[in-house]
Amino acid sequence: MELLEGGRSVPAARPAPVGPGSGRELWARLGAAGALRGIYREGLPERGVIPERLRDLIVRVEVEEGTGPLLSVCVQAATVLPLLAEAGRREPAAADVARRMLDGRSVVALAATDSGPGSDLTALTTHAEETGAGTVLRGTKRWITNAAHADLLLVLARRRPGPHFTNFTWYLVPADDPRVGVEAAPGPYFTGSGAGHVHLDGVSVLADGPVGGAGRGLALFARHIAVERLAGGLWAAAACRRALADTRDRLADRGLWEQPAIRQRLAAALVRTRQLETLVEALGPAVAAEHDHTGAALVKAAAGDTANHVLDVCAHLCGADGFAAAGMQHRRAEAALFGIAGGSTETVLASVADQAQALLSRPRGAAS
């Protein structure tokens with residue numbers, strides 16, 4: 001345990017070694033270099049991201065570090081850190097954790113999805129219990145990025161029965177508590193992201209209690225998931241552009257680039273990539289500054305659909321070479337993330353449909 005500025009105690013960095021290529025190690029380097037602070041307006045996470053700077057960071061990290069470490073960084077930079085910094089305006093413990101995160105000295109895992117349907121947070125079973133020793137949490141969180149190397153878990157838990165949005169609250173818990181069990185997620189994808197399943201067996205929350213206020217869990221999630229969806233759109237566009245560039249170069253090297261059918265198929269995928277980039281550029285400022293939920297849903301839906309299409313085209317055009325280790329088929333499989341994480345494509349399309357009348361009645365180019 002380590003004493004922070006506000007007088008609260010939270011776990012110090014885990015002593016377990018993490019090598020190059022881990023999201024934890026990358027987060028520490030970015031924080032120490034001031035790169036995390038640079039993506040926020042005035043260097044303050046509670047003021048929101050600067051889309052162009054977030055995009056530049058995503059592009060650089062994907063090329064230099066890989067998709068696993070990038071996933072680790074995106075969840076924290078787009079959702080966890082801004083949420084804690086906003087809560088920290090009134091809660092000293094949250095403010096202390098946010099400062100440590102911004103400097104790269106602490107990693108916090110966002111533990112929202114439960115053992116049930118991931119897109120329906122009102123169905124989660126992880127719950128808070130009031131005991132003589134304070135509030136404790138019980139339940140299971142699955143597919144949690146950073147779970148395997150986090151210092152703290154930001155847990156969304158039910159505080160009373162029923163689906164009403166005020167029945168859910170965020171809590172911070174120490175990841176090294178013996179009543180926290182972490183199981184590394186299996187599979188070959190997103191290596192270095194620290195993804196895992198978390199089991200909470202009566203773990204005590206940090207002394208300050210609820211993060212952001214009791215009953216504000218879903219409201220805060222909805223507010224900050226908008227920026228995570230923007231980050232996903234920025235990442236999807238960058239992934240599509242790089243995949244197309246790599247595929248075009250491979251086709252040219254093999255003497256296939258001059259075949260009309262191949263050129264047209266890649267060109268059509270390039271058009272869709274540019275459409276996604278244009279959409280993200282148009283809607284990004286409102287999502288970043290105003291947490292525009294409709295704009296974020298549009299970006300998220302477009303990102304999932306475009307990434308699946310473009311990476312499928314690239315994988316097909318690469319032929320048998322696409323099945324090489326870390327080849328285009330592997331990249332295609334990882335691109336499915338854009339249609340799942342942060343709300344499935346079907347879920348966000350439902351949100352778009354809810355706003356169809358308003359969207360169709362606005363002048364062309366209006367973001368919100």
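Helices (H or I, at least four residues) and strands (E, at least two) are DSSP runs, numbered from the N terminus. On that basis, the protein above has 10 helices and 9 strands. What you are looking at is a predicted model, in which local features need pLDDT of at least 70 and side-chain atom pairs count only at pLDDT 80 or more, while totals for chains, interfaces and linings use all residues. Residues are numbered from 1 along each chain as its sequence is written, and side-chain values use heavy atoms, with hydrogens and water left out.

**Overall build**

- The radius of gyration (taken over C-alpha atoms) is 21 Å, which agrees with the value near 21 Å that a compact globule of 368 residues would have; the globule rule is 2.2 Å times the number of residues to the power 0.38.
- Taken along the principal axes, the C-alpha atoms fill a box of roughly 75 × 50 × 40 Å.
- Of the 368 residues, 52% count as buried, where buried means under 20% relative accessible area, exposed over 50%, and partly exposed in between (1.4 Å probe, protein chains only).
- Among contacts with a separation of 6 or more, 72% come from residues 24 or more positions apart; a contact means heavy atoms within 4.5 Å.

**Strand S3 and its buried residue Val-108**

- Strand S3 covers residues 108-111, with Val-108 and Leu-110 pointing one way, Ala-109 and Ala-111 the other way, and all of them buried.
- S3 runs parallel to strand S6 (residues 152-158), and 4 bridges join them; two strands pair if DSSP finds at least two bridges between them.
- In this pairing, Leu-110 stands opposite Leu-154 in S6.
- Val-108 belongs to S3 and counts as buried because its relative accessibility is 0%.
- Leaving aside neighbours within four places in sequence, Val-108 is in contact with several residues, including Gln-76, Val-80, Leu-84, Asn-146, Leu-154 and Leu-172.
- Leu-81 is 27 residues from Val-108 along the chain, and their C-alpha atoms are separated by 8.4 Å.

- Strand S4 (residues 127-131) pairs with S5 in the antiparallel sense over 5 bridges.
- S4 and S5 form a hairpin, with 2 residues between them.
- Across this pair, Glu-130 stands opposite Thr-135 in S5.
- On to S9: strand S5 (residues 134-144) is joined to strand S9 (residues 196-204) by 7 bridges, and the two run antiparallel.
- Val-136 has Ser-204 as its bridge partner in S9.
- Strand S8 (residues 180-184) also runs antiparallel to S9, with 5 bridges joining them.
- Here Val-180 stands opposite Leu-200 in S9.

**Two backbone angles to look at**

- Trp-143 lies in strand S5, and has a positive phi of about 55° although it is not a glycine.
- Glu-42 sits in the loop between helix H1 (23-32) and H2.
- The phi of Glu-42 is near 55°, a positive value in a residue other than glycine.
- Glu-42 counts as exposed because its relative accessibility is 62%.

**The second largest pocket**

- About 300 Å³ of space lies in the second largest pocket.
- For the search, a 1 Å grid is laid over the protein atoms alone, and a pocket is an open set of points where a 1.4 Å probe fits, with protein on both sides within 12 Å along at least five of seven lines.
- Grid points are joined across faces, edges and corners, and a volume is the space filled by probe spheres set on the points.
- This pocket is lined by 17 residues, of which Arg-55, Leu-234, Ala-237, Glu-277 and Glu-281 lie nearest its centre; lining residues have an atom within 4 Å of a point.
- Helices H2 (51-64), H5 (217-253) and H6 (260-290) each supply at least two residues of the lining.
- By class, the lining has 8 nonpolar, 1 polar and 8 charged residues, where Ala, Val, Leu, Ile, Met, Phe, Trp, Tyr, Cys and Pro count as nonpolar, Asp, Glu, Lys and Arg as charged, and the others, Gly among them, as polar.

**Val-59 in helix H2**

- Val-59 is found in helix H2.
- With a relative accessible area of 36%, Val-59 is partly exposed.
- Val-59 and Glu-281 are 222 residues apart along the chain, and their C-alpha atoms are separated by 15 Å.
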